[in-house]
Amino acid sequence: MNIGVIAHNSKKSLMENFCLAYKRILSKHEIYATGITGRRIEEVTKLKVHKFLPGSVGGDKQFTEMIERNSMDMVIFFYNPIIQDPRQADIERITRCCDKYNIPIATNIATAESLILGLDHGDLEWRNIV
């Protein structure tokens, strides 16, 4: 399955730790990420990550385009809801696209862990049919 991961600056360490903790599961799938997040995940986990441009220079748009092609099976998007982000429109666009195309999305660690464990148990195999 194709798993998209994206993290804003204040959540990049959380994403690194998440990917390190679930490295065994992630290694069975294709991982896509915006540039800096992808590089950091590769450095920490040694997993192969398909990297888009950095989010601030078009990576968010590339990420969204893959969702719109229905080529992403799951998205993990860590952002800080407390900080007013100038890229709020990007957050909304990605989550709205996931909803439109029935792509499971996690925006916090609790939901991300549920999705990744469900993926490992085969609970997302219905995505192969869609």
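Author: Start with a word that you will need. A residue is buried if its relative accessible area is under 20%, exposed if over 50%, and partly exposed in between (1.4 Å probe, protein chains only). A helix is a DSSP run of H or I with at least four residues, a strand is a run of E with at least two, and both are numbered from the N terminus.

The model is predicted: local features need pLDDT of at least 70, side-chain atom pairs count only at pLDDT 80 or more, and totals for chains, interfaces and linings use all residues. Residues are numbered from 1 along each chain as its sequence is written, and side-chain values use heavy atoms, with hydrogens and water left out.

First, the setting. The protein chain has six helices and five strands. Buried residues make up 45% of its 130 residues.

Now the part: helix 1. Helix 1 covers residues 12-21, and its buried residues are Lys12, Met15, Glu16, Phe18 and Cys19. Seen down the helix axis, these buried residues fall within an arc of 165°, so they line one face of helix 1. That arc is taken from the directions from the helix axis to the C-beta atoms.

What lies over this face? The cover includes strand 1 (2-7), helix 2 (23-26), helix 3, strand 4 (74-78) and helix 6 (109-120). Contact here means heavy atoms within 4.5 Å.

Take Met15. Leaving out residues up to four places away in sequence, Met15 touches Val5, Ile6, Ala7, Thr37, Ile41, Ile76 and Phe78.

Thr45 lies in helix 3 (residues 35-45). Thr45 is buried, with a relative accessible area of 0%. Its side chain reaches the backbone oxygen of Ile41 at 2.6 Å.

Phe18 also has ring partners. Rings of Phe, Tyr and Trp (its six-membered ring) pair if their centres lie within 6.5 Å. Such pairs link Phe18, Tyr22 and Phe78 into a cluster.

Last, the core. A nonpolar core is a set of buried Ala, Val, Leu, Ile, Met, Phe, Trp, Tyr and Cys residues joined through side-chain atoms within 4.5 Å. The largest one has 23 residues, and Met15 and Phe18 are among those with the most contacts inside it. Helix 1 supplies at least two residues of this core. The largest share, four residues, comes from helix 6.

Key
Rings of Phe, Tyr and Trp (its six-membered ring) pair if their centres lie within 6.5 Å; planes under 30 degrees apart count as stacked, over 60 as edge-to-face and the rest as tilted. A polar contact is a pair of N or O atoms within 3.5 Å; within protein, one must be able to donate a hydrogen and the other to accept it, and residues adjacent in sequence count only if both atoms are side-chain atoms.
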